[in-house]
Amino acid sequence: MASGYYKYDKIAQVIAALVPTNQKIIEIGVGTGLVLEKLLEINPQYDLTGMDHTKAMLDIAEKRLGDRVKLFEADIISMSIPERFDVAISNGGLCAFVDVGGEYDFYTHLIDYESNLQALKNIANCLNQGGLFLINIQSVHNNYETSLPGEIVYSQEIFESTKNQDCIEKAFYFKKDERIYAQQRLTYRIVRQEAIDELFKLAGFKLQGKDETKQFFIYSKK
Ligand SMILES: C[S@@+](CC[C@H](N)C(=O)[O-])C[C@H]1O[C@@H](n2cnc3c(N)ncnc32)[C@H](O)[C@@H]1O
């Protein structure tokens, strides 16, 4: 993730330009904490929380961030917390937008529509009235290979899903000397324009637009 998949410095700069330091931020699908780490480098005063359903990722985030950030384990589909935030962020966490030549598709880790609606409602529920939900915009998933430190080669391959015509599958591998050390195959659901509008409206969000660098879609809680 830190070897070019996302440009974390730029991502944090855009967030910092949009969000004043006195606002409370939650990152949905915080992973290993790379976004929040960069935000703290810009300003250590940020009040940050990260959630994720993968304990192994949270363990790495905790090592990276210590007590500078609050972290908790939850699945966004069932997350229900009393705390309220001013801003929620998904940087490839639950979801991302993908730029398909000036149009934007919504890619989500949750396959069925109802789960996506529930997840977005849960995000709206943990925001204050008027709170923002920032969702990153990334380029199209494609096949590629890149070298990582330690002579490890990362490669990813995209397939049409055999399970669902609205999904793609991404297989990725970490290899050294042609031996596979780790691999995973993920399914992404793709939601397109009118269905995106409907989904966010039903979940209680209003589209505000994109930030000026076009790295994030900005929604606000109605
Ligand atoms: C591509 S990683 C992005 C991590 C981080 N946002 C970053 O930019 O480095 C996606 C993360 O979302 C988490 N995730 C996926 N589905 C989730 C769900 N239903 N509930 C909570 N976390 C989820 C995964 O465990 C993973 O850590």
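Predicted model: local features only at pLDDT ≥ 70, side-chain atom pairs only at ≥ 80, totals over all residues.

I started at Ile 76, where a backbone N or O atom lies 3.1 Å from a nitrogen atom of the ligand.

How much of the ligand's accessible area does the protein cover? I get 90% of the 590 Å² that the ligand has on its own.

Asp 75 brings a polar side-chain atom to 3.0 Å from a nitrogen atom of the ligand. Gly 29 does it through the backbone, with an N or O atom 2.8 Å from a ligand nitrogen atom.

**Rings.** I counted aromatic pairs and found 17 in the structure. Tyr 5 and Tyr 6 make an edge-to-face pair, because their planes stand at 90 degrees, past the 60-degree cut-off, with the centres 4.9 Å apart.

Are these two tyrosines buried or exposed? Tyr 6 counts as buried because its relative accessibility is 11%, under the 20% limit. Tyr 5 comes out at 25%, so I put it down as partly exposed.

I checked Phe 97 and Phe 106 next. Their rings form a tilted pair, 5.3 Å centre to centre with 55 degrees between the planes. Phe 97 has 1% relative accessibility, so it goes down as buried. Phe 106 is buried too, with a relative accessible area of 1%.

Which residues do ring pairs link into a cluster with Phe 97 and Phe 106? I noted Tyr 104, Phe 133, Phe 200, Phe 205, Phe 217 and Tyr 219.

**Charges over rings.** I found Arg 179 with its charged end over the ring of Tyr 181, 4.6 Å from the centre. Lys 175 lies over the face of Tyr 173, and there the distance to the ring centre is 5.3 Å.

**Helix H4.** Last stop was H4, residues 113-125, which has 13 residues. From first C-alpha to last I read 18 Å, close to the 18 Å expected at 1.5 Å a residue.

Which residues of H4 are buried? My list reads Ser 115, Asn 116, Leu 117, Ala 119, Leu 120, Asn 122, Ile 123 and Ala 124. A reminder to myself for reading such a list: an α-helix has 3.6 residues a turn, so residues three or four places apart point the same way.

Terms used
Residues numbered from 1 in each chain as written. Heavy atoms only, no water. Phe/Tyr/Trp six-rings, centres within 6.5 Å; stacked < 30°, edge-to-face > 60°. Buried < 20%, exposed > 50% of the residue type's maximum accessible area, 1.4 Å probe, protein only. Lys NZ or Arg CZ within 6 Å of the ring centre and 35° of its normal. Helix = DSSP H or I, 4+ residues; strand = E, 2+ residues; numbered from the N terminus. Expected span 1.5 Å × (residues − 1). Polar contact = N/O pair within 3.5 Å; in protein donor to acceptor, adjacent residues only side chain to side chain. Areas by Shrake-Rupley, 256 points an atom, 1.4 Å probe, with all protein chains shown as cover.
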